[in-house]
Each structure stands twice: as C-alpha cells, then as structure tokens.
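Visitor: I am new to this structure and would like a friendly tour. Could you show it to me?

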Amino acid sequence: MQAYDAVVVGSGHNALVTAAYLARAGWGVLVLEGNDRPGGLVRTDELTLPGFRHDNFSAAHPLFVAGPAYADLRAELDLEYLNTRYPTGVSLPGGRGSVVSTDLDENVVEFNRLAPGDGDALAELFKEFGPAIQTVFALCSADLTADSSATAIQSLMHTPDGGFSDFAHMFTLSARALLAQRFQSPVLHAMLAPWATHLGRAVDDANSGTWTVLVLAALTMVGMPIPRGGSEELVKALVKVIERNGGEVRCGQWVRHVLVKDGHAVGVRTADGEVCHSRRSVIASVNPDQLYLKLLDHEDGVTPPALRKQAKDYRYGLGAFQVHLALSEPARFHDERLAHVGQPHLTGGLNAISRATNEALRGLLPVEPTISWDTPSTVDPSRCPPGRAVARLQMLEVPAVVHGDAAEKIHIGSRGWTEGVKEAFADRVIEEAAKHVPGLHDIILDRHLISPRELAAFNPNCGPGDPFGGSHDLAQSYVFSPLPGQPSHRTVVPNLYMVGAATWPGHGISGGSGYIVAQELLD
C-alpha cells in the first residue's frame with residue numbers, strides 16, 4: 001500500500017497552498033477532497049444561463065495577491081489577475097455615492113469632497129498607523145504563538161516606556177466608533193463600515209474598527225484583483241503546481257478518520273474504508289469541531305476532555321445569501337463611477353448596516369439588507385457573452401438558521417431556508433438593489449440563489465451555513481483561534497496540523513494559514 005510524506009484532508013485554497021509548497025520541496029503529497037472537484041468555496045460555474053460564468057462563493061483575491069504565498073508561487077501559477085482602479089465604493093438612496101481608488105492622493109481629494117477635512121484625516125490615519133499596518137500584515141502570515149510574533153505584538157501594543165500605544169486603543173474600537181472619530185461624512189461611513197462585515201465582525205463589535213482600516217489599506221495597495229476566467233482559476237493553477245511536482249489530488253474521497261499511532265498521525269481512513277498512510281504529516285483543512293469530535297473521535301485518549309469541551313463550544317456566525325444574475329447589459333448606477341468598481345455596497349447607511357446585522361443575529365431576515373454588488377464581467381469579458389453581464393449580490397447579514405422576518409412579510413416555517421423563503425427574500429434584495437440601479441428589473445435574464453442551506457450542504461466547514469467557517473468575534477479570534485486551549489495551527493497530535501478559515505488569519509482568500517503551516521513543516 002502506497003505511503004505519502006503528507007496527506008492533506010480537504011482541498012480549500014489554504015490546503016492547496018500547503019500542498020504546493022510541500023510538493024515543490026520534494027515531498028510525496030496526497031490531497032483528498034470529498035466534493036467532485038477541488039477548491040472548497042473557491043468555485044466557478046454557469047449557474048444561470050450557458051456562457052455566464054459565476055463565482056459561486058468567493059470572488060476577489062486582494063489578500064492573496066498581497067500575501068507571501070502569491071509572491072513565492074506566482075512564477076509557477078498559470079494564472080492572470082485582472083484589476084480595477086476602484087476596488088470599492090458605495091451607493092446610498094437618492095443617488096449619493098462615492099468610490100475608493102488605488103491612488104491615495106485621489107482618495108484624499110474624494111474624501112475631502114464628501115466632507116471638508118475627511119481627506120486630510122485619511123492621510124493622517126495612514127501616516128499615523130502606517131508602520132503598525134505593515135506589522136499586522138506581516139503577522140497575517142505568521143504563527144501568533146511564535147516568539148517572534150509575541151515580540152511584534154508587544155511592539156504594536158506598547159510604547160517604549162511601557163504604556164499602551166495608539167494602535168492598542170484603535171484595536172479595541174468598533175467600526176462605528178473609529179469612523180465617527182476620524183471622519184465626518186455619512187457617505188464615507190457607509191462606504192467603509194460594510195467591510196468589517198466581510199471580515200466577520202459587526203460594525204458595533206469591539207475590534208471591528210481595526211479591520212475596517214486594514215481593509216482600506218489593502219484595497220488601496222492592491223485593488224480588487226480577480227482571476228481571468230473565474231475565481232476557480234486559482235484552484236486549477238495550484239493543482240497544476242502540485243501535480244507538476246509529483247503530488248496527487250483525488251476528489252470524491254471524504255475522510256472519516258485521522259489515524260494515530262504512538263502519539264503521531266500516521267494516515268487517514270476514507271469513508272469507503274481506504275487507508276492512506278503518511279510518513280511525516282497530516283494536514284486537515286477542517287474546523288476544530290470536526291477535527292476533535294469526528295476525525296479524531298475514534299482515538300481514545302487523544303483529545304483531552306477540556307479541549308473536547310472547547311470543540312463542542314465552537315461557535316458559528318451569521319450566514320450568507322447570494323443572488324447571481326445574468327444580465328442583458330451592464331448595470332447602470334446613479335453614480336456612474338460605480339459601474340467600474342470592484343465591489344461597491346448598496347446600503348441605506350451605517351445605521352441600516354447595524355440594524356440589519358442586529359436583525360440577523362436575532363434569527364430574522366433583515367428588512368433592508370446591505371448588498372455587496374460585484375460585476376466581474378466589467379474587467380473580465382470572458383465571464384459572459386458579448387454585451388451581457390454577470391452580477392453577484394451578496395448579503396452577509398442573514399441568519400444561518402432563520403426563524404422569522406423582521407419585516408413580518410415572509411412566512412418562515414419550521415424548515416427555515418425553503419425555496420419559497422429564498423425566492424421571497426431574493427425579491428426583497430432585488431427591490432432594494434433597484435433603488436440604486438435604475439431599470440434593474442428590465443435587464444435580468446435569469447437568477448440563481450445560494451442560501452445558508454446550500455452552503456451547509458456543500459461544505460462541512462460552513463456548519464449551519466456560515467461562509468466564514470465560524471464566528472470571528474473577539475472571543476474566537478487571534479490567540480483564541482481556533483480554540484483557546486489549542487491556538488494557532490498545531491493540534492494535540494504533534495505532526496497533525498490545521499489550515500483553513502477557523503485558523504489564523506481567518507477566512508477569505510489569503511493563503512495565510514496554508515503558508516504558515518508550509519513554512520513550519522519545511523523549516
């Protein structure tokens with residue numbers, strides 16, 4: 001029976017990043033994926049009509065392009081990124097709008113247009129926190145439990161005389177508080193606040209302000225890059241690197257158990273009973289509840305009772321709802337600049353964002369959902385037939401398990417996200433979007449809906465339908481991730497590692513955890 005140096009459970013992009021590094025270093029690598037093709041939530045399909053290619057789940061890759069994995073692997077990746085000058089923007093009722101550019105000077109002018117002094121405040125913010133932002137980005141590719149990380153964190157949080165730094169104070173602020181402190185314009189507040197939600201934080205949560213600033217910095221530096229042909233092109237490119245270097249990727253292979261002998265992982269057993277041996281390491285792209293309560297559950301005495309309890313208490317966050325549209329022509333916004341923006345938000349403003357989040361946290365469909373709108377065909381015409389367009393309307397403020405409707409108009413039965421509930425909520429979303437996109441109803445050719453129910457069925461890492469693989473609030477982040485008793489990427493089994501959204505630096509297409517584990521294994 002064949003043995004490998006490393007067996008990788010799951011094929012999300014972080015798992016593939018680790019596998020690519022190991023294969024390049026001469027390791028014999030086997031990647032096992034349960035679904036029909038690799039990639040996890042990085043997937044592209046003709047969801048609506050023939051010729052219209054949609055990114056089912058994840059779309060743009062700014063964090064990956066800005067990170068070290070892309071820098072290391074870029075020359076070997078058969079991949080082309082396309083970009084736009086305007087990574088994000090906002091549309092508010094009444095035709096008000098704004099955009100963020102990859103040119104800081106242009107942003108200063110735009111922000112000063114929104115409110116005198118706001119552009120100067122932006123320049124001051126970047127000047128004040130620039131060095132700290134660079135340190136944080138470096139930590140996103142580092143094991144937070146390492147001594148070097150502890151030194152970097154100490155420098156971030158404290159002044160030379162031992163007091164707390166300005167960054168430490170900013171670290172605690174909610175997005176609402178930070179935006180109110182720094183900027184006057186409600187348009188600017190509405191443009192930046194939704195990005196906290198993309199990082200798994202609510203705009204009123206402690207620490208969400210930090211991530212609002214970090215996203216703004218990242219978008220200014222690298223824009224909103226997308227792969228030509230679809231998000232899944234990244235997966236295909238990583239698989240080619242693995243296979244070109246002798247590795248193997250198998251699909252339709254669900255892993256049931258990680259096998260442990262003499263305190264070390266020695267392989268895995270698949271759902272159909274096949275045993276795949278590993279000589280050096282097993283890397284699992286799973287959440288801690290799956291790892292400790294399922295994959296290691298058969299191994300008596302391996303998981304300490306305290307850690308098992310923490311795994312049972314692992315929490316999932318809000319769900320996601322997506323409306324994929326095939327359009328007869330590109331959408332037109334009241335603010336014409338938004339037609340050229342990577343991912344603008346359509347919203348009623350900061351309080352509307354906060355209200356929708358609160359409703360979702362109570363298990364209710366929001367009355368006025370915040371819409372993240374992206375039209376990749378604007379920069380990548382290969383996504384659809386000539387003259388047409390594809391669009392994705394993504395809502396991150398929806399309950400994974402829905403119990404009611406805040407507007408009291410959609411009947412929610414005991415079965416939650418039924419087809420009827422999905423269609424009715426999609427109608428609400430499109431009505432909201434039409435307030436920002438004149439004539440939207442007239443250009444829709446077809447639509448495809450993805451609710452938390454589909455997320456849960458497709459990927460076990462989504463739990464009940466959370467695309468972020470678990471709550472990313474302060475109590476389940478940083479050194480509390482993935483579990484307080486088992487932080488970072490190591491596990492109770494010395495040569496068994498975790499990668500993926502549950503581990504630092506969290507969800508999103510960054511390759512961060514895959515890079516961290518690869519460096520540790522190859523050190």
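Visitor: In what order do the strands of the open sheet of 7 strands stand?

Guide: Welcome! This is a predicted model, where local features need pLDDT of at least 70, side-chain atom pairs count only at pLDDT 80 or more, and totals for chains, interfaces and linings use all residues. Residues are numbered from 1 along each chain as its sequence is written, and side-chain values use heavy atoms, with hydrogens and water left out. Strands (E, at least two residues) and helices (H or I, at least four) are DSSP runs numbered from the N terminus, and two strands pair if DSSP finds at least two bridges between them. The pairing in this open sheet is mixed, and the order is E7-E6-E14-E16-E17-E13-E19.

Visitor: Which strands stand at the edges of that sheet?

Guide: An edge strand here has a single partner strand, so one side of it is left without a neighbour in the sheet. The strands at the edges are E7 (97–100) and E19.

Visitor: Is strand E13 buried or exposed?

Guide: Buried means under 20% relative accessible area, exposed over 50%, and partly exposed in between, using a 1.4 Å probe and protein chains only. One side of E13 has Gly319, Phe321, Val323, Leu325 and Leu327, the other has Ala320, Gln322, His324 and Ala326, and both faces are covered. Since 9 of the 9 residues in 319–327 count, the strand is largely enclosed by the rest of the structure, so the word for E13 is buried.

Visitor: Which residue of E19 stands opposite histidine 324?

Guide: E13 has antiparallel pairing with E17 (residues 389–398) over 8 bridges, and there histidine 324 stands opposite arginine 392. With E19 (residues 444–450), E13 also runs antiparallel, joined by 6 bridges. In E19, the residue opposite is histidine 448.

Visitor: What is the bridge partner of tyrosine 86 in E14?

Guide: Strands E6 (residues 86–91) and E14 (residues 341–346) pair in the parallel sense, over 5 bridges. E14 also pairs with E16, in the antiparallel sense over 2 bridges. Tyrosine 86 has as its bridge partner in E14 valine 341.

Visitor: Which residue in E17 does tryptophan 373 stand opposite?

Guide: Strand E16 (residues 371–374) is covered on both faces, with Ile371 and Trp373 buried on one side and Ser372 and Asp374 on the other. E16 pairs with E17 in the antiparallel sense over 3 bridges. Opposite tryptophan 373 is leucine 393.

Visitor: What is the volume of the largest cavity?

Guide: On a 1 Å grid over the protein atoms alone, a cavity is a set of points where a 1.4 Å probe fits but cannot get out, and lining residues have an atom within 4 Å of a point. Grid points are joined across faces, edges and corners, and a volume is the space filled by probe spheres set on the points. There are 4 cavities of 30 Å³ or more, and E14 gives the most to the lining of the largest, with 3 residues. The volume of that largest cavity is about 140 Å³.

Methods
On a 1 Å grid over the protein atoms alone, a cavity is a set of points where a 1.4 Å probe fits but cannot get out, and a pocket is an open set with protein on both sides within 12 Å along at least five of seven lines; lining residues have an atom within 4 Å of a point.
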